[in-house]
Amino acid sequence: MPTALITGATAGIGAAFARRLAADGFSLVLVSRDAARLEETAAGLALRYGVPARALPADLAREQDLARVADRLREGIDLLVNNAGFALNGSFTEVSADEEARMLRVHCEAVLRLTLAAVPWMRSRGRGGVINVGSVAGFFPNGTYSATKAWVATFSASAGAELADSGVRVMALCPGFVRTEFHQRVGMDTSGIPGHLWLDADRVARTAMRDLALGKLISIPTLRYKAIAACARLVPPALAARLAARVDH
């Protein structure tokens, strides 16, 4: 039975990956800060799908917790989904430096270190996969969140290309607006976002698994968001920043 470790596994895209992988027969290691909710999620998945599901509570912004998750990955894992993340409500001049640094640790340092922890075991067996959850926001210059997600995309594409002949696949998943708790948690007003821009988390996870199997380095769900990302690469940065500011991710 293959094993998958998913961070940020109790809600949204992470929970969608957990459901999908459990249905596919994966044994699960689920990581989240909320220990009680994590235990409930793991128990529910084990009962529904009949697969082992272990809860591994951890705050990836804390060194000792990040090290503990990395140690588990070194024991061997077939698929790593780096999904944990959050947003800050306000521009970088309005948010504390400590909170900005915490975002960098979770979105960038944790993704880097957990990927590095998982890959050696995968390479030794000539198989395995890593999905790092970024965002279409990473293609637009629009604050610290976008900057961290741009790093996720660049790092994942580079790592995926470097490991292309090893049997290990690394891919960045870059969705747009997904119907999850993400925006509500930080108090973002999403009332102005058109309905056609919202994605379903289960569909996002399904698309990601298909694209990983196809060997893609970047996965962008739906033709609509593929077009948006392509436009972001073509327009001048100043214009892209103004466009992104109108619909803040």
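The legends below accompany close-up views of a predicted model.

**View 1. Overall composition of the protein chain.** In this predicted model, the secondary structure of the protein chain amounts to 9 helices and 9 strands. Of its 249 residues, 52% count as buried. The chain exposes about 11500 Å², of which 54% is supplied by carbon and sulfur atoms. Among contacts between residues at least 6 apart in sequence, 70% join residues at least 24 apart.

View 2. An open sheet is formed by 7 strands with parallel pairing, in the order β3-β2-β1-β4-β5-β6-β9. Its edge strands, β3 (53-57) and β9 (218-219), each pair on one side only.

**View 3. Strand β1 and its side chains.** Strand β1 (3-7) is mostly covered, with 5 of its 5 residues buried. The side chains of a regular strand alternate between the two faces of the sheet. In β1, Thr3, Leu5 and Thr7 point one way, whereas Ala4 and Ile6 point the other way. Residues of both sets are buried.

**View 4. Pairing of β1 with β2 and the crossover between them.** Strands β1 and β2 run parallel and are joined by 5 bridges. Within this pair, Thr7 stands opposite Val31 of β2. The chain passes from β1 through α1 to β2, a β-α-β crossover that is right-handed.

**View 5. Pairing of β1 with β4.** Strand β1 also pairs with β4 in the parallel sense, over 3 bridges. Here Leu5 stands opposite Leu80 in β4. Leu5 is among the buried residues of β1, and its side chain points the way of Thr3 and Thr7.

**View 6. Pairing of β5 with β6.** Strand β5 (residues 128-133) and strand β6 (residues 168-173) run parallel, and 6 bridges join them.

Methods
Residues numbered from 1 in each chain as written. Predicted model: local features only at pLDDT ≥ 70, side-chain atom pairs only at ≥ 80, totals over all residues. Heavy atoms only, no water. Pairing = 2+ DSSP bridges. Helix = DSSP H or I, 4+ residues; strand = E, 2+ residues; numbered from the N terminus. Contact = heavy atoms within 4.5 Å. Axes fitted to C-alpha atoms, helices over the stretch in contact; angles between N-to-C directions. Buried < 20%, exposed > 50% of the residue type's maximum accessible area, 1.4 Å probe, protein only. Right-handed = clockwise from strand over helix to strand, strands pointing away. Areas by Shrake-Rupley, 256 points an atom, 1.4 Å probe, with all protein chains shown as cover.
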